[in-house]
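Here is a briefing for a reader meeting this structure for the first time. Please look over the sequence and the model before reading on.

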Amino acid sequence: MLFFKPVLSQVSSNDPNVTTLQLSHKKLTDKLLVQLSDALQTNSTINEIWLTNNYISESGAGYFANALENNTTVTEVYLGGNKIGTKGALSVANLLQRNRVIREVGLEDNDICDGGAKALAEALVGNDTLQTLKLNGNKINSEETLKSIKEILQKNRDAARKKLPPSHQGTAISKPPKKSSSSRKSRSRSDKDRSKSGSGGEKERDRDRDRERRSRISSSQSKSTTAAEAASSLATASAATSDAAGSSSPGAQPTTSPSTSGFKKFTNFLSGNSSNKDVAKKDSLKNHDYEKVGAFV
């Protein structure tokens, strides 16, 4: 396999740029896995090894597990989708009894039976590092064994979380900030204001209502004045428009408003320049109170 030689060379030379081995779906056999296991014994840069869905059997898994017993850098190993069986699970159990670095192991779909699951559960009793063990897709029927494995893994996760700095635990409780003296003073003032429930408080509320009423009256008067000014402006504009219309028509007769015509007749009447009808009206008014006439003018 052409892909394998460069990978093996990088692992053997401890290439610092290679921290993950991605060898899934590569038709990797036990013979090639033995060569890789030998190279890993002197490697200190690899952290993750992916060997899922290959042709690895119980013998290849056993050799690989032995090579990782003293490794201090590999923290994740994935062997799902192979045929390591129960004997291969026993080899992984031996690895977990000795290794204190590996945190995650994947053993899905590997024909592991109850015997292999029980060996793994017993190996975890003294292991406080492993946090994830994937066993789905196997032939494990013992619910009690699976429950035991689950409880141990949960305990290891809780212990690992407690070792983290407070900023990473997600359980840090921040203390509420101290209230400043100004906030305390403002709160005391508001408390005093709320405590005014006697006659003094009633008088204060009456004064507030009186101020609101005066404000509404002033606002109403202002609106009325504004409306009157607007009406006056509209009337002035209308009169100007009428004058302009009258002067613009050469043959138009000047119009006289009813009030102006009446006023002229009345002044003519008083001065004696009136028609016969006006004289008759003048005679009829001699017996009336001229103060009323003066008031009318």
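Where is the place of Leu51? Leu51 sits in the loop between β2 and α3. Helices and strands here are DSSP runs, numbered from the N terminus, with at least four residues of H or I for a helix and at least two of E for a strand. This is a predicted model, in which local features need pLDDT of at least 70 and side-chain atom pairs count only at pLDDT 80 or more, while totals for chains, interfaces and linings use all residues. Residues are numbered from 1 along each chain as its sequence is written, and side-chain values use heavy atoms, with hydrogens and water left out.

**Overview**

- The protein has 12 helices and 5 strands.
- Buried residues make up 28% of its 297 residues. Buried means under 20% relative accessible area, exposed means over 50%, and partly exposed lies in between (1.4 Å probe, protein chains only).
- The accessible surface comes to about 20000 Å². Carbon and sulfur atoms hold 52% of that surface. Areas come from the Shrake-Rupley method with a 1.4 Å probe, and for residues only the protein chains shown count as cover.
- Among contacts with a separation of 6 or more, 81% link residues 24 or more positions apart. Contact means heavy atoms within 4.5 Å.

**The sheet**

- The 5 strands form an open sheet in the order β1-β2-β3-β4-β5, with parallel pairing. Two strands pair if DSSP finds at least two bridges between them.
- β1 (20-22) and β5 (132-134) stand at the edges. Each has a single partner strand, so one side of each is left without a neighbour in the sheet.
- The twist averages 5° from one strand to the next. Angles run from 0 to 180 degrees between N-to-C directions, and axes are lines fitted to C-alpha atoms, for helices over the stretch in contact.
- β2 (residues 48-50) and β3 (residues 76-78) run parallel and are joined by 3 bridges. Trp50 stands opposite Tyr78 in β3.

**The nonpolar core**

- In soluble globular proteins, nonpolar side chains tend to be buried together.
- The largest nonpolar core here has 47 residues. Such a core is a set of buried Ala, Val, Leu, Ile, Met, Phe, Trp, Tyr and Cys residues joined through side-chain atoms within 4.5 Å.
- Leu51, Leu107 and Leu133 have the most contacts inside this core.
- α1 (4-12), α2 (30-40), α3 (58-67), α4 (85-98), α5 (114-124) and α6 (143-163) each supply at least two of its residues. The largest share, 6 residues, comes from α5.
- Leu51 is buried, at 0% relative accessibility. Beyond four places in sequence, Leu51 touches residues including Leu23, Leu33, Phe64, Tyr78 and Leu79.
- The C-alpha atoms of Leu51 and Leu79 are separated by 5.2 Å, although these residues are 28 residues apart along the chain.
- Leu107 also touches Leu79. Other partners of Leu107 beyond four places include Val92, Leu120 and Leu133.

- Phe4, Val7, Leu8 and Val11 are the buried residues of α1. Seen down the helix axis, they fall within an arc of 100°, so they line one face of α1. The arc is that of the directions from the helix axis to the C-beta atoms.
- β1 and α2 are among the elements that cover these buried residues of α1.
- In α2, the buried residues are Asp30, Leu32, Leu33, Leu36, Ser37, Ala39 and Leu40. They pack against α1, β1, β2 and α3.
- Val34 also lies in α2. Val34 counts as partly exposed, at 27% relative accessibility.

**Loops and positive phi**

- Lys27 lies in the loop between β1 and α2. Its phi is near 55°, a positive value in a residue other than glycine. Lys27 is exposed, with a relative accessible area of 52%.
- Asp111 lies in the loop between β4 (104-106) and α5. Asp111 has a positive phi of about 60° although it is not a glycine. At 31% relative accessible area, Asp111 is partly exposed.
- Thr75 lies in the loop between α3 and β3. Thr75 is buried, with a relative accessible area of 13%. Beyond four places in sequence, Thr75 is in contact with Asn47, Val101, Ile102, Arg103 and Glu104.
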